[in-house]
Amino acid sequence: QAGCDVVQIFDSWASLVPFENRDDYLWQPLKFLYQSIRHIYPSLPIIYYGRGVSDAYPQLAEDLQGLCFGLDQG
């Protein structure tokens, strides 16, 4: 409503989270933010950038339909 055209969730420290803790510390908070934004703004583009965790992007794309991804060098 204030002129935002897109939202990016930027997590430059994501790679430091141990694999076994990713769901609790990365994916559940991401899903909460995604669903909260979608509830109010269903067509607003949402980009997730998680540095060093692109191996999880295919599953996230399946779980969070329409989520866009920022890519890093790895």
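Mentor: Contact here means heavy atoms within 4.5 Å. Please bear in mind that this is a predicted model.

Trainee: With that cut-off, which residues does Ile-46 touch, not counting residues up to four places away in sequence?

Mentor: Ile-46 lies in strand 2 and counts as buried at 0% relative accessibility. Its C-alpha atom is separated by 7.5 Å from that of Ile-9, which is 37 residues away along the chain. With residues up to four places away in sequence left out, the residues touched by Ile-46 are Val-7, Ile-9, Tyr-34, Ile-37, Arg-38, Gly-66, Leu-67 and Cys-68.

Trainee: What pattern does the protein chain follow when read along the sequence?

Mentor: The chain has two helices and three strands. Read along the sequence, these elements follow the pattern β-α-β-α-β.

Trainee: What is the radius of gyration of the protein chain?

Mentor: The C-alpha atoms fill a box of roughly 35 × 25 × 20 Å along the principal axes. For 74 residues the globule rule gives 11 Å, and the value for this chain is close to that, so the chain is as compact as a globular protein of that length. The radius of gyration is 12 Å.

Trainee: What share of the contacts with a separation of 6 or more is accounted for by residues 24 or more positions apart?

Mentor: An example of a pair that meets this separation is Ile-46 and Ile-9, which touch and are 37 residues apart along the chain. Over the protein chain, among contacts with a separation of 6 or more, the share from residues 24 or more positions apart is 56%.

Trainee: With which residues is Leu-60 in contact, leaving aside its neighbours within four places in sequence?

Mentor: Leu-60 lies in helix 2 and is buried, with a relative accessible area of 3%. From Gly-3, which is 57 residues away in sequence, Leu-60 is 27 Å apart in space, C-alpha to C-alpha. Leaving aside neighbours within four places in sequence, the contacts of Leu-60 are Trp-27, Leu-30, Tyr-48 and Phe-69.

Trainee: And with which residues is Tyr-48 in contact, under the exclusion of neighbours within four places in sequence?

Mentor: Tyr-48 is among the core residues that touch the most other members. Leaving aside neighbours within four places in sequence, Tyr-48 is in contact with Ile-9, Asp-11, Ala-14, Trp-27, Leu-30, Val-53, Tyr-57, Leu-60, Leu-67, Cys-68, Phe-69 and Gly-70.

Trainee: How many residues apart in sequence are the parts that Arg-22 and Asp-55 tie together?

Mentor: Side chains of opposite charge can pair when their charged atoms come close. Arg-22 forms a salt bridge with Asp-55, the closest N and O atoms being 3.1 Å apart, and Arg-22 counts as buried at 11% relative accessibility. Because Arg-22 lies in helix 1 and Asp-55 in the loop between strand 2 and helix 2, the pair ties together parts whose separation in sequence is 33 residues.

Trainee: Lys-31 and Asp-63 also meet in a salt bridge. Is Lys-31 buried or exposed?

Mentor: The N to O distance between Lys-31 and Asp-63 is 3.6 Å, and the pair links helix 1 with helix 2 across 32 residues. Asp-63, at 37% relative accessibility, counts as partly exposed. The cut-off for a buried residue is under 20%; at 19% relative accessibility, Lys-31 therefore counts as buried.

Trainee: How far away from the sulfur of Cys-4 is the nearest cysteine sulfur, that of Cys-68?

Mentor: The structure holds zero disulfides. Cys-4 is partly exposed, with a relative accessible area of 46%, and Cys-68 counts as partly exposed at 36%. A disulfide would need the two sulfur atoms within 2.5 Å, whereas the distance from Cys-4 to the sulfur of Cys-68 is 13 Å.

Terms used:
Residues are numbered from 1 along each chain as its sequence is written. This is a predicted model: local features need pLDDT of at least 70, side-chain atom pairs count only at pLDDT 80 or more; totals for chains, interfaces and linings use all residues. Side-chain values use heavy atoms; hydrogens and water are left out. A nonpolar core is a set of buried Ala, Val, Leu, Ile, Met, Phe, Trp, Tyr and Cys residues joined through side-chain atoms within 4.5 Å. Buried means under 20% relative accessible area, exposed over 50%, partly exposed in between (1.4 Å probe, protein chains only). Helices (H or I, at least four residues) and strands (E, at least two) are DSSP runs, numbered from the N terminus. The radius of gyration is taken over C-alpha atoms; the globule rule is 2.2 Å times the number of residues to the power 0.38. A salt bridge is a side-chain nitrogen of Lys or Arg within 4 Å of a carboxyl oxygen of Asp or Glu.
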